[in-house]
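Biologist: I would like to learn how to read the features of a model like this one. Please take me through them one at a time.

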Amino acid sequence: MLEPKRRLVVLDPPARARASAPRLEDDDHFHDECGVFGVFGHSEAANMTYLGLHALQHRGQESAGIVTSDGGQLYAHRAMGLVTDAFTQEQLGRLPGRQAIGHVRYSTAGASHIKNAQPFAVDYARGSLAVCHNGNLTNADEVRSELEARGSIFQSDTDTEVFVHLVAISKEIAIEDRIADALGRVKGAYSLLFMTEDAVIAVRDPMGIRPLCLGILPSKKDAHVLSSEPCAFELIGAEYVRDVEPGEMIIIDSSGIRSMRPLPKAPPRQCVFEYVYFARPDSQLGGKSVYQTREAFGRTLAREHPMQADVVVPVPDSGVPAAIGYAAEVGSRFEMGLIRSHYVGRTFIEPQESIRHFGVRLKLSPVEPVLRGRRVVVIDDSIVRGTTSRKIIKMIRDAGAKEVHLRISSPPTQWPCFYGIDTPTRRELIASSHSTDEIARYTTADSLGYLSLEGMLGALGGSDSFCHACFSGKYEIPFTPTSKRQMRLVGV
Ligand code: SF4
């Protein structure tokens with residue numbers, strides 16, 4: 001009997017990257033789930049993807065993976081931890097080929113475990129296929145149950161594996177038609193990169209909720225790159241070409257680059273929180289600079305909640321551009337009254353009562369000469385549970401500030417996200433059950449002001465082409481919570 005041809009080669013992760021990575025317990029933020037990066041037509045595809053993932057590290061720190069193809073066979077390597085922990089030079093050298101896709105992950109659907117690391121890569125009846133995903137499907141459990149009932153065996157807990165099975169069972173012939181067929185079965189938010197032995201295929205969901213953009217390497221005119229954010233292009237010397245359009249599929253192979261529209265048209269609804277916190281400030285999304293948008297949020301916030309103080313201080317790093325905008329608008333001094341440690345990594349230290357500010361102090365330190373005896377306006381991007389804001393305000397008061405006024409450069413976060421962002425349950429979101437005055441009292445701020453939703457959309461140019469469900473409760477992809485995760489988030 002002939003041995004089946006083994007087309008997929010899976011490398012072992014380094015020992016230090018096999019275990020599940022711990023999470024920072026004192027991190028009161030929404031978290032992006034993932035970043036994706038792909039390249040076609042470059043002799044150092046694995047190295048380019050490694051660098052691209054490094055630039056996208058802020059989008060996910062739990063696991064990283066790269067799959068390459070040499071035109072006949074796929075080579076996969078996935079491991080837990082940061083990109084720099086997940087790959088050695090030797091392992092990158094064992095990922096040959098001129099095309100690659102890669103992924104960094106911070107889990108939302110599915111636990112933090114190597115089996116959920118991406119890209120997924122499989123051999124199936126028609127060849128080899130790899131896929132990685134940024135987003136969440138709202139009907140993943142339903143589709144998964146149907147697939148399991150007809151015999152599919154899942155290796156992971158993630159939504160992403162659903163795509164692999166749907167593509168494998170499609171009756172279509174061409175890979176783009178098989179993918180389109182699979183996409184017709186799912187609902188939710190997805191920016192996806194697929195890879196076969198000889199093509200890289202990018203798809204963005206019909207509303208374009210999660211970002212995805214296309215670039216080109218000018219030194220190699222036929223080398224194309226794809227990334228969750230264009231900040232990754234800068235690092236490898238690629239040029240931003242454009243965003244992948246909502247509902248668009250881009251196929252890149254040796255015959256060039258093609259675009260298809262296999263999905264029904266829908267109103268665009270890009271995630272507005274990318275501009276608040278997730279995206280890197282040096283990125284441009286939907287034609288808008290993230291840095292300038294954050295600065296405009298700060299200016300609008302200053303007009304809505306002005307406060308003449310001695311100094312405007314950001315909570316670094318994400319609060320910096322908004323604080324610059326706020327300070328310029330009210331005519332106050334901008335100063336770095338808090339310094340962030342960039343070497344914390346992630347820690348699982350559970351603060352004891354005796355050192356209960358330890359978690360925040362690992363990340364932030366007060367600059368006493370900036371704060372002592374002053375009336376301080378602190379600018380942060382959001383309040384999730386309120387616990388971190390309370391600790392930061394105490395830290396600023398302990399450093400001698402006379403007054404501490406808190407300003408938030410986004411509206412109150414009242415609703416969980418079902419479109420690819422890790423959020424606490426609705427009950428845990430302090431703004432879902434407390435007024436602004438109550439939150440001010442809890443955080444011990446002398447005053448508190450949030451940017452309004454209208455102000456936020458106005459700073460983005462006035463169009464309502466954004467998802468803002470976590471602020472407004474207006475879920476653009478309606479669904480009935482059925483999965484355990486969905487029910488837990490809404491508190492059913
Ligand atoms: S609910 Fe919030 S975090 Fe989720 S996609 Fe919409 S705007 Fe982004």
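Modeller: Begin with the naming of elements. Helices and strands are DSSP runs numbered from the N terminus; a helix (H or I) has at least four residues and a strand (E) at least two. Keep in mind that this is a predicted model.

Biologist: Then in which loop does aspartate 317 lie?

Modeller: Aspartate 317 lies in the loop between β19 (311-314) and α10 (320-330).

Biologist: What is the peptide bond from proline 316 to aspartate 317, cis or trans?

Modeller: The general idea is that most peptide bonds are trans. The bond from proline 316 to aspartate 317 is cis, with omega near 0°. Another cis bond runs from glutamine 118 to proline 119, with omega near 5°. Proline 119 is also in a loop, the one between β6 (99-105) and β7 (120-124).

Biologist: What is the phi of threonine 444?

Modeller: Again the general idea comes before the case: most residues other than glycine have a negative phi. Threonine 444 is not a glycine, yet its phi is positive, about 70°. Its place is the loop between α14 (436-443) and β26 (447-450).

Biologist: Is threonine 444 buried, partly exposed or exposed?

Modeller: Buried means under 20% relative accessible area and exposed means over 50%. Threonine 444 has a relative accessible area of 34%, so it is partly exposed. Serine 433, in the loop between β25 (421-422) and α14, is partly exposed because its relative accessibility is 49%. Glycine 337, in the loop between β20 (333-334) and β21 (338-340), has a relative accessible area of 0% and is therefore buried.

Biologist: How do I read separation in sequence against separation in space?

Modeller: Take C-alpha distances. Glycine 337 and isoleucine 396 are 59 residues apart along the chain, and their C-alpha atoms are separated by 8.3 Å. Serine 433 and glutamine 414 are 19 residues apart in sequence and 8.1 Å apart in space, C-alpha to C-alpha.

Biologist: How many aromatic pairs does the structure hold?

Modeller: The structure holds ten aromatic pairs. In one of them, tyrosine 275 and phenylalanine 466 have ring centres 5.9 Å apart and planes at 85°. Planes over 60 degrees apart count as edge-to-face, so this pair is edge-to-face. The pair links distant parts of the chain, 191 residues apart: tyrosine 275 is in helix α8 (residues 273-278) and phenylalanine 466 in strand β27 (residues 466-467). Tyrosine 275 is buried because its relative accessibility is 1%, and phenylalanine 466 is buried because its value is 4%. Elsewhere, ring pairs join Phe273, Tyr277, Phe278 and Phe471 into a cluster.

Biologist: Which ring does the charged end of arginine 426 sit over?

Modeller: The charged end of arginine 426 sits over the ring of tryptophan 415, 3.6 Å from the ring centre. Arginine 390 has its charged end over the ring of tyrosine 442, 4.7 Å from the centre.

Biologist: Where does the ligand sit, and which residues are around it?

Modeller: The ligand sits in the largest cavity. Around the ligand are Ile209, Arg210, Cys271, Val272, Phe273, Cys417, Tyr419, Ile421, Cys467, His468, Ala469 and Cys470. By class, this shell has ten nonpolar residues, one polar and one charged.

Methods:
Residues numbered from 1 in each chain as written. Predicted model: local features only at pLDDT ≥ 70, side-chain atom pairs only at ≥ 80, totals over all residues. Heavy atoms only, no water. Phe/Tyr/Trp six-rings, centres within 6.5 Å; stacked < 30°, edge-to-face > 60°. Buried < 20%, exposed > 50% of the residue type's maximum accessible area, 1.4 Å probe, protein only. Lys NZ or Arg CZ within 6 Å of the ring centre and 35° of its normal. Near = heavy atom within 4 Å. 1 Å grid on protein atoms, 1.4 Å probe; cavity = no way out; pocket = protein on both sides within 12 Å on 5 of 7 lines; lining within 4 Å. Sits in = over half its atoms within 2 Å of the grid points. Nonpolar A, V, L, I, M, F, W, Y, C, P; charged D, E, K, R; others polar.
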